[in-house]
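Please find below a short note prepared for a reader who is new to this structure. Its points are numbered so that each may be checked against the coordinates.

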Amino acid sequence: MKRIISCTVQNRGGVLNRITGMFSKRHFNIESITVGESETEGMAKMTFVVNVEDEHKLEQLTKQLHKQIDVIKVSDITEKSVVARELALVKVTATSQLRAEIQGLIDPFRGTVVDISKETMTIQVTGKTDKIDAFILLLKPFGIKEIARTGVTALLRGQQAKPYVAEVSSLTI
């Protein structure tokens, strides 16, 4: 089962290498990874998409991440309400005769042309992974020259519903 794991880490050299090394040693395959500075100075946010076989392996993974010195916080956000996006750049063969037809495919996906040459167009599209996959599938007949994808990056949506916990006051009799 695919899981989205979000980590807040110290933003310093070697952190990414140590964390991905831990994944490798324990035979977890990282399907995608995004890393960037966070809102807090000196911290970075990492988002991993990992295929994990079962709950026990997931628990093992999160415990191992927590043990890493530079890891501040680890969250499995797969089943939470998240905003998740991916960016793709797709370079496609585009002669002058095909450009209008390709543009007709770009618009419904809210893509933008970021580069154009005599024989190619490079299109940027963002969204959920299945949207990116569908867009690429539609462009295949035109001849895809190159694809670069960022992988999923995600944040929890606004206020997450928290389980209700009743406060119990102690009574003295």
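The points below take up the model, its pockets, several individual residues and the aromatic rings.

1. Basis of the note. The structure is a predicted model, in which local features need pLDDT of at least 70 and side-chain atom pairs count only at pLDDT 80 or more, while totals for chains, interfaces and linings use all residues. Residues are numbered from 1 along each chain as its sequence is written, and side-chain values use heavy atoms, with hydrogens and water left out.

2. The largest pocket. About 360 Å³ of space lies in the largest pocket. Of its 17 lining residues, K2, I4, V49, T129 and V152 are the closest to the centre. Strands β1, β2 (29-37) and β5 (82-93) each supply at least two residues of this lining, and β5 gives the most, with 4 residues. Helices (H or I, at least four residues) and strands (E, at least two) are DSSP runs, numbered from the N terminus. By class, the lining has 5 nonpolar, 4 polar and 8 charged residues; Ala, Val, Leu, Ile, Met, Phe, Trp, Tyr, Cys and Pro count as nonpolar, Asp, Glu, Lys and Arg as charged, and the others, Gly among them, as polar.

3. How pockets are defined. On a 1 Å grid over the protein atoms alone, a pocket is an open set of points where a 1.4 Å probe fits, with protein on both sides within 12 Å along at least five of seven lines; lining residues have an atom within 4 Å of a point. Grid points are joined across faces, edges and corners, and a volume is the space filled by probe spheres set on the points.

4. The second largest pocket. This pocket has a volume of about 180 Å³. Its lining consists of S6, C7, T8, K45, K73, S75, I77, K80, A154, L155 and L156. At least two lining residues come from each of β1, β4 (71-76) and β9 (153-156). The classes are 5 nonpolar, 3 polar and 3 charged residues.

5. S6 and T8. Both residues line the second largest pocket. S6 is found in strand β1 (residues 2-10), and T8 lies in strand β1 as well. S6 counts as buried because its relative accessibility is 10%; buried means under 20% relative accessible area, exposed over 50%, and partly exposed in between (1.4 Å probe, protein chains only). T8 is likewise buried, with a relative accessible area of 17%. Leaving aside neighbours within four places in sequence, S6 is in contact (heavy atoms within 4.5 Å) with K45, M46, K73, V74, S75 and I77.

6. Aromatic rings. Which residues form one aromatic cluster? They are F23, F28 and F48. A search of the whole structure finds 3 aromatic pairs. F109 and F135 form a tilted pair, 5.2 Å centre to centre with 55° between the planes. This pair links distant parts of the chain, with F109 in the loop between α3 (99-106) and β6 (112-116) and F135 in helix α4 (residues 129-139), 26 residues apart. Rings of Phe, Tyr and Trp (its six-membered ring) pair if their centres lie within 6.5 Å; planes under 30 degrees apart count as stacked, over 60 as edge-to-face and the rest as tilted. F109 is buried at a relative accessible area of 15%, and F135 is buried at 0%.

7. Positive phi values. H27 has a positive phi of about 60° although it is not a glycine. H27 is found in the loop between α1 (15-25) and β2, and is exposed, with a relative accessible area of 73%. R110, also not a glycine, has a positive phi near 55°. R110 belongs to the loop between α3 and β6 and counts as exposed at 73% relative accessibility.

8. E59 lies in helix α2 (residues 55-67), and a polar contact of 2.9 Å joins its side chain to that of K63. A polar contact is a pair of N or O atoms within 3.5 Å; within protein, one must be able to donate a hydrogen and the other to accept it, and residues adjacent in sequence count only if both atoms are side-chain atoms. I147, in strand β8 (residues 144-149), is partly exposed, with a relative accessible area of 38%. I147 and V92 are 55 residues apart in sequence and 8.8 Å apart in space, C-alpha to C-alpha.
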